[in-house]
Amino acid sequence: MSELPDLESLRLLVDVERLGSLGQAARAAGIAQPSVSKRISLLERRLGLPLLDRTPRGSTLTPQGVMVSAWATQVLAAAEELMRGAEAVRHGRAAHLHIAASMTVAEYLLPRWLGELQDREPQVQVGLDVQNSAEVAKLIGGEIELGFVEGPSVPAGLVSKVVATDRLVVVVAPGHPWARRRTPLLAAELAATPLVVRERGSGTRETLDLALTGHAVAPPRLELGSNAAVKGAAREGAAPAVLSGYAVEAELATGRLVEVPTKDIDLARRLRAVWRHGRAPTGPAATLLRITLSAARERQ
């Protein structure tokens, strides 16, 4: 793979399209126009694509440049989500709002919600504990007013609201025999197969165990503590894996993993916000809860 482009060059390309010229992009960035042109020329060489039509009357994006600009917008948004998530973890217990979230929610949904919270209440500093769903439930109360879990059940003493839906998927490496199967996988066959799975206490594992109730379940091939570890093992061909659709979206899109169709296996689940009974979220926690519920309504 070629060297990855830097984020600032991608931002300059997006600004050229958004603002209409190299000069406007340069002014927005606070740098000289030749510097913008040089950065985009380097980006063209790295990607092997012509991104700008340079004429005496000015520069405009080529059709390839328009496509790259659209992709760059997504990359920049993802980078901003990464920074928001990292900032929340870094602030920890010094935060004004301290929340806890299961891994799937923390990795794939929470950064966007935190971005909207920051837009509404920029003075709020957020601290985040990332645990599996069982541990999140134990943390609710005290300093942690609001949590997010992904298991099929809600522990006693907690109130919950559904903030998203998800579906677990069975995935394999492209070279695995299941990648070429023509018939859907049934629950009995999935249960009888040693799988790469998340650890007990995770919402992903609880959902899978519930879906296979009534079948003889083989011991796991590997039991791992993060989505990334499970995906890595599956990509290396260790065994089939069962993970959140959010977690494997990129790998399925690029062909690094292949989804195995299933039949008569209920792998759907609801992702929930939870808080202690009798202690409804207030202040920034209540604002974050409203943001998540609004996002859930928009996805319906």
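The residues lining the largest pocket divide into 15 nonpolar, two polar and 10 charged. Here Ala, Val, Leu, Ile, Met, Phe, Trp, Tyr, Cys and Pro count as nonpolar, Asp, Glu, Lys and Arg as charged, and the others, Gly among them, as polar. The model is predicted: local features need pLDDT of at least 70, side-chain atom pairs count only at pLDDT 80 or more, and totals for chains, interfaces and linings use all residues. Residues are numbered from 1 along each chain as its sequence is written, and side-chain values use heavy atoms, with hydrogens and water left out.

The largest pocket holds about 960 Å³ of space. Its lining comprises 27 residues, and Glu81, Glu107, Tyr108, Arg112 and Glu249 are the closest to its centre. Two or more lining residues come from each of helix H4 (63–91), helix H5 (103–108), H6, helix H10 (227–235), helix H11 (245–254) and helix H12 (283–299). Grid points are joined across faces, edges and corners, and a volume is the space filled by probe spheres set on the points. Helices (H or I, at least four residues) and strands (E, at least two) are DSSP runs, numbered from the N terminus.

The second largest pocket holds about 380 Å³. Of its 13 lining residues, Leu4, Pro5, Leu10, Leu47 and Val75 are the closest to the centre. Helix H3 (33–47) and H4 each supply at least two residues of this lining. H4 gives the most, with five. By class, the lining of the second largest pocket has 10 nonpolar, one polar and two charged residues.

The chain contains 12 helices and 13 strands. Its C-alpha atoms fill a box of roughly 75 × 50 × 30 Å along the principal axes. Of its 300 residues, 46% count as buried. Buried means under 20% relative accessible area, exposed over 50%, and partly exposed in between (1.4 Å probe, protein chains only).

The largest nonpolar core has 26 residues. Such a core is a set of buried Ala, Val, Leu, Ile, Met, Phe, Trp, Tyr and Cys residues joined through side-chain atoms within 4.5 Å. Those with the most contacts inside it are Leu97, Ile99, Leu110, Trp113, Leu146, Phe148 and Leu288. Elements giving two or more residues to this core include strand E3 (97–101), strand E4 (126–130), strand E6 (158–172) and strand E13 (268–276). H12 gives the most, with six residues.

The structure holds one aromatic pair. Trp113 and Phe148 form this tilted pair, at 5.4 Å centre to centre and 40 degrees between the planes. Trp113 lies in helix H6 (residues 110–120) and Phe148 in strand E5 (residues 144–149), so the pair ties together parts 35 residues apart in sequence. Rings of Phe, Tyr and Trp (its six-membered ring) pair if their centres lie within 6.5 Å; planes under 30 degrees apart count as stacked, over 60 as edge-to-face and the rest as tilted. Trp113 is buried, with a relative accessible area of 4%. Phe148 is also buried, at 0%.

Arg182 is found in the loop between E6 and strand E7 (185–186). Arg182 is exposed, with a relative accessible area of 83%. The C-alpha atoms of Arg182 and Pro261 are separated by 8.8 Å.

Methods. On a 1 Å grid over the protein atoms alone, a cavity is a set of points where a 1.4 Å probe fits but cannot get out, and a pocket is an open set with protein on both sides within 12 Å along at least five of seven lines; lining residues have an atom within 4 Å of a point.
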